[in-house]
Amino acid sequence: MTAVNSLNIPSLRLDDDNPSLITFEPFTLPATNQRILGAPHPPNTTIPLALRPSSSPEAPVTLESAISTIKHLQRTKTLTTLLSRHGTLLFRNLPIHSASDFSAFAHAFGYTPHEIIGIVVDRPLLAPNVAPANEAPHHVRIYNHNESPQVPHAPEYIFFWAKKAPEIGGETPISSSLELFRRAQVEIPEFVDLLAKKGILSKVTYKVGRQYVGGSTLREAFGKEIVDGDDEETQKRKIEKQIARYGRGEYTTFEWTVDEDGKETLILTHRLPVIRTQPGTNIPTLFTGLAAYYKNKLDAEKRTGAGRKNIAVQLFGDGTPIPEEYLEVLARITDEIRVLHKWQEGDVLVYDNIIAQHGREPWEGEQSDRVVLASLFDGEQVPGAYGFGGWAQVVQALEG
């Protein structure tokens with residue numbers, strides 16, 4: 001592993017005599033946790049870029065000084081620029097001790113809180129724009145993916161904070177979506193071409209009850225305006241109003257059906273781009289959960305109980321199946337380019353969700369041995385289109 005200090009990555013110092021501000025210094029992680037990115041990233045770009053505050057007995061780091069420094073750095077979008085280059089930042093040794101502390105730190109970056117429309121996991125609110133990262137059982141592996149690839153409206157920035165870290169396992173994977181695209185373009189160019197021409201159909205099923213432990217209900221996904229006492233037709237009308245907020249017209253359709261228990265079930269179909277472009281550079285990125293979809297399917301076929309149920313069916317945009325040999329290559333490339341972040345309590349990981357993927361490894365012990373909270377934010381722009389057709393461009397969701 002090349003040491004960070006040999007890459008000439010500067011400390012984040014401010015030209016300000018304010019004694020309340022601190023310096024963030026880069027440091028090296030073990031090779032399992034950090035690597036040098038390949039093309040199209042600039043030479044000697046690490047993922048993640050690991051930063052920690054310098055401190056002294058005379059000037060200990062406080063949450064207030066960390067927040068003030070973040071706000072100063074963001075006046076020139078310094079951290080946003082670093083995210084667009086590295087994909088992921090790690091902040092270590094910060095005095096963050098609660099969900100409220102984490103919320104204050106994340107909001108200091110100045111981004112707009114993200115509202116998930118059509119959420120597929122259970123995320124109860126714990127502090128302003130802070131919820132559990134995922135409540136799935138600890139034996140479940142959640143493979144690398146961009147956040148919310150199955151719906152049109154996804155966050156640009158994701159913050160994770162480790163309130164509690166397990167001794168064995170529970171790592172969070174980190175990989176570059178830009179590098180994944182470049183590798184796929186070389187190794188399976190015909191698949192990349194098909195994705196550019198067709199996109200995908202993402203058929204997401206929402207049920208009244210939870211479809212797996214840690215999953216969301218239909219009301220949690222779309223029922224923000226539903227109140228107790230609403231009759232069935234009123235509830236459906238309010239849900240459909242939320243679906244309309246995607247602003248995608250003919251490229252988002254829905255169907256009401258009845259499941260085996262006689263309960264209302266919503267099947268939502270989006271035609272989406274898998275290939276999108278990074279704002280500011282127009283470099284193509286694979287914004288997807290296809291490899292995770294493939295891994296989950298394998299686990300289900302093996303009946304190991306270790307997988308996570310696929311509630312979204314993924315097809316090419318013309319409705320034809322996606323050959324598994326392509327998905328197998330995506331998963332292999334992802335294994336080759338990802339690192340596994342070994343959490344220390346108090347760590348904060350920040351992802352540029354357009355160009356970096358995350359996940360979750362299983363861990364030994366109890367469910368309560370790993371507590372990671374998440375905070376999601378929108379960027380100033382959505383990813384650009386790669387290809388042709390109205391389906392190739394996502395949009396910000398309508399207010400509602």
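The legends below describe close-up views of a predicted model.

Local features are reported where pLDDT is at least 70 and side-chain atom pairs where pLDDT is 80 or more, whereas totals for chains, interfaces and linings use all residues. Residues are numbered from 1 along each chain as its sequence is written, and side-chain values use heavy atoms, with hydrogens and water left out.

View 1. Strands (DSSP runs of E, at least two residues) and helices (H or I, at least four residues) are numbered from the N terminus, and two strands are taken to pair if DSSP finds at least two bridges between them. Strand 18 (residues 348-352) runs antiparallel to strand 5, to which four bridges join it, and Phe-91 has Val-348 as its bridge partner in strand 18. Strand 9 (residues 157-164) also runs antiparallel to strand 18, with five bridges between them, and here Tyr-157 is partnered by Asp-352. Five of the five residues of strand 18 are buried, so this strand is largely enclosed by the rest of the structure; buried denotes under 20% relative accessible area, exposed over 50% and partly exposed the range in between, with a 1.4 Å probe and protein chains only. In a regular strand the side chains alternate between the two faces of the sheet. In strand 18, Val-348, Val-350 and Asp-352 point one way, while Leu-349 and Tyr-351 point the other way.

**View 2. Strand 5 and its parallel partner, strand 4.** Strand 5 (residues 88-91) directs Thr-88 and Leu-90 one way and Leu-89 and Phe-91 the other way, and all of these residues are buried. Strand 4 (residues 49-53) runs parallel to strand 5 and is joined to it by three bridges, with Leu-49 standing opposite Leu-89.

View 3. The four strands follow the order 12-13-11-16 with antiparallel pairing. Strand 12 (252-258) and strand 16 (312-316) stand at the edges with a single partner strand each, so one side of each has no neighbour in the sheet. From one strand to the next the twist averages 20 degrees, where axes are lines fitted to C-alpha atoms (for helices, over the stretch in contact) and angles between N-to-C directions run from 0 to 180 degrees. Strand 12 and strand 13 (residues 264-272) run antiparallel and are joined by seven bridges, and Thr-257 has Thr-265 in strand 13 as its bridge partner. Helix 7 (residues 232-244) packs on this sheet, touching strand 12 and strand 13, and its direction makes about 155 degrees with that of strand 12.

View 4. Strand 14 (residues 275-277) pairs with strand 15 in the antiparallel sense over three bridges, and the bridge partner of Thr-277 in strand 15 is Pro-284.

**View 5. Glu-171 in the loop between strand 9 and strand 10.** Glu-171 lies in the loop that links strand 9 with strand 10 (172-176) and counts as buried, at 17% relative accessibility. Although Glu-171 and His-341 are 170 residues apart along the chain, their C-alpha atoms are separated by 5.2 Å. Leaving aside neighbours within four places in sequence, Glu-171 is in contact with residues including Leu-340, His-341, Trp-343 and Arg-370, where contact means heavy atoms within 4.5 Å.

**View 6. Thr-76 in the loop between helix 1 and helix 2.** Thr-76 is placed between helix 1 (63-74) and helix 2 (78-86), and is exposed, with a relative accessible area of 59%. Thr-76 and His-358 are 282 residues apart in sequence, and in space their C-alpha atoms are 27 Å apart.
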